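The sequence and structure come before the entries.

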Amino acid sequence: MNVLPKTLLRKKLHGGFLLRLADPSEYDAVGETLYEAFTDGCWVTEEYGHGLRRIRERAETADVWVIVDGEQHIVAAVLTPKPDFYHEENYTFNVLGVGPCGRGHGFGRILVHQALAVAKAYGYRTVELHSSPQMVYAHQLYYSCGFHRRPDWETIIVDSGQRLLSFTRTEY
């Protein structure tokens with residue numbers, strides 16, 4: 001079992017916000033925040049929207065990172081695979097989302113960098129992620145964080161028949 005350094009487990013952020021692992025009692029709130037993040041200004045299929053709320057199930061194989069305000073309200077989240085359950089060549093992260101009340105603070109970038117730091121701590125050199133074509137704001141974030149598009153890796157078709165875009169970053 002791999003253990004993350006303590007410096008990754010809790011980070012104080014500007015404005016009284018905090019990055020930390022979610023408590024299981026918060027999983028429903030995480031799901032609602034992610035659902036709001038993905039449906040405010042974008043669209044997702046009904047099946048994908050349902051999956052965004054299945055945090056308790058996802059937490060069995062992934063760490064659930066959240067950003068909370070001073071009153072512990074969840075404003076953003078991302079999931080990173082636990083190494084005991086993830087055995088791929090390249091690391092990934094998924095369902096990164098910033099709720100409407102958390103936007104404009106750079107939390108998306110903070111969560112991407114957290115996921116990269118987790119990947120590095122687990123010994124991965126390359127991070128690969130997938131994104132729906134309509135998630136243009138996420139794509140801009142990934143490019144600005146040093147990812148590049150990999151059309152040659154775009155083989156995943158999701159529930160609505162759309163092909164997911166692939167992005168990678170190496171040596172972070």
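Predicted model: local features only at pLDDT ≥ 70, side-chain atom pairs only at ≥ 80, totals over all residues.

**Entry on strands E1 and E2.** I began with strand E1 (residues 10-12) and strand E2 (residues 18-21), which run antiparallel and are joined by three bridges. I found Arg 10 bridged to Arg 20 in E2. I noted that the two strands form a hairpin with five residues between them. In its turn, Gly 15 has a positive phi of about 70 degrees.

I asked in what order the three strands of the open sheet stand. The order is E6-E8-E7, with antiparallel pairing. I marked strand E6 (126-131) and strand E7 (148-149) as the edges; each has a single partner strand, so one side of each is left without a neighbour in the sheet. For E6 and strand E8 (residues 165-170), I noted six bridges in the antiparallel sense. Among the partners, Ser 131 is bridged to Leu 165 in E8.

**Entry on Leu 116.** I located Leu 116 in helix H5 (residues 107-121). Is Leu 116 buried or exposed? Leu 116 is buried because its relative accessible area is 3%, under the 20% cut-off. Lastly, I looked up its separation from Tyr 137: Leu 116 and Tyr 137 are 21 residues apart in sequence and 19 Å apart in space, C-alpha to C-alpha.

Technical notes. Residues numbered from 1 in each chain as written. Heavy atoms only, no water. Pairing = 2+ DSSP bridges. Helix = DSSP H or I, 4+ residues; strand = E, 2+ residues; numbered from the N terminus. Buried < 20%, exposed > 50% of the residue type's maximum accessible area, 1.4 Å probe, protein only.
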